[in-house]
Amino acid sequence: MKTAIIDKVLAKLDSIDRRDLERHFVELAKIQHDVLGALDTIPEGVVIIDPHTRVTYMNVAARTIFSISDSDEKRWTLRGVLLDKSILNLISEAVERRENIVNQEVRILSPRALVLNVSLMSINDDPEANG
């Protein structure tokens, strides 16, 4: 299904003016910057992972909760960030059950003892997957 979407986009790229395309990319980059900047200001930890459980974003609060420094960013993996198995198990179970939204209190011991309210939400990046 993703191939069909990519083929449609590539077919339309030939008809798009290069300056318009550049303007759209600049707008998208600004929107991404603004959204990530807003996420960095909230006190709750936000961790975004891709379907392969690679961490693609962690806000300042999440980095503080999990004792992760900015210099470690290139090495962020879900298992590297979430040393405690409780959240990893919660994510695995939610994926297996194909649950879109999960809210659960989780007690973790690493990097320090905490009780976290974990909210998981699946974001589907394939619009054709829903029909």
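Visitor: Which residues of α5 are called buried, and what makes them so?

Guide: In α5 of this predicted model, the residues Ile 87, Leu 88, Leu 90, Ile 91 and Ala 94 are buried, where buried means under 20% relative accessible area, exposed over 50% and partly exposed in between, with a 1.4 Å probe and protein chains only. Seen down the axis of α5, these buried residues fall within an arc of 160°, so they line one face of the helix; the arc is that of the directions from the helix axis to the C-beta atoms. On the other side of α5, Lys 85 and Glu 96 are exposed.

Visitor: Why is Val 118 called buried?

Guide: Val 118 has a relative accessible area of 10%, and because buried means under 20%, Val 118 counts as buried. Its place is in strand β4, residues 114–121, strands being DSSP runs of E with at least two residues, and helices runs of H or I with at least four, numbered from the N terminus.

Visitor: What is Val 118 in contact with, leaving aside its neighbours within four places in sequence?

Guide: Contact means heavy atoms within 4.5 Å, and Val 118 is in contact with Ile 87, Leu 90, Val 102, Asn 103, Gln 104 and Val 106. Of these, Ile 87 and Leu 90 are among the buried residues of α5.

Visitor: How are the residues numbered, and which limits apply?

Guide: Residues are numbered from 1 along each chain as its sequence is written. Local features need pLDDT of at least 70 and side-chain atom pairs pLDDT 80 or more, while totals for chains, interfaces and linings use all residues, and side-chain values use heavy atoms, without hydrogens and water.
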